[in-house]
Amino acid sequence: MCTFKKICVTNRHLSERPLDEQLERVFITSKPDVVILREKDLSEDEYRKLAYKIKVLCDLHCVRMVVNKYYEVARELGTTVQLSIIDYESNIESLDGLKAWVSVHSLQEAIRAEESSANAILAGHIYETDCKKGLPGRGIYFLTSITEQVDVPVYAIGGIDEFNIEEVSSAGASGACQMSYYMKL
């Protein structure tokens, strides 16, 4: 049984189709295990409206949805929230038991997140990516240092494609987050 998770990270601006149509296509052709609804340019109200729509679609296809940033929306939908380490540490009391995936950019941040009861860690960016233009990827050694030091699931993010996903898996990651791959299917 394969436990390595495929995680679709959304960015509706990369798709030629409306997001719900793109995700329908993704679910049919390359069913991911998880969708992180990462629409950073939306207000909380706009995001909430979209999240309710996408949650129905995810439930229909038995795909887990993770809410980016808006923990009250995650609570309303009964799902997990994904936060930066700064937002996580600033709002930990408000989360009040809500499951949280925390984005980190160093081993020290990963350890802090685990010690603060994060349910999973997004470690990145591993490879060069258009999302972080001009910044070199942190590399496989960075990913391995985290997977060897924490006991919560570690999901790699940043520049992961069909040519390097095996390397990510071999580094001990519990899964890989991909945006462009899914948004351009």
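The model is predicted, so local features require pLDDT of at least 70 and side-chain atom pairs count only at pLDDT 80 or more, while totals for chains, interfaces and linings use all residues. Residues are numbered from 1 along each chain as its sequence is written, and side-chain values use heavy atoms, without hydrogens or water.

Select the strands (DSSP runs of E, at least two residues; helices are H or I, at least four; both numbered from the N terminus). Eight of them form a closed barrel with parallel pairing, in the order β1-β2-β3-β4-β5-β6-β7-β8. Pairing requires at least two DSSP bridges between two strands. Next, select β1 (residues 5-9) and β2 (residues 34-37), a parallel pair with three bridges. Here Val-9 stands opposite Ile-36 of β2.

Finally, turn to the largest pocket, with a volume of about 790 Å³ (the space filled by probe spheres set on grid points joined across faces, edges and corners). A pocket is an open set of points on a 1 Å grid over the protein atoms alone, where a 1.4 Å probe fits, with protein on both sides within 12 Å along at least five of seven lines; lining residues have an atom within 4 Å of a point. Select Arg-38, Cys-131, Ile-157, Gly-158 and Met-179, the closest to the pocket centre among its 36 lining residues.
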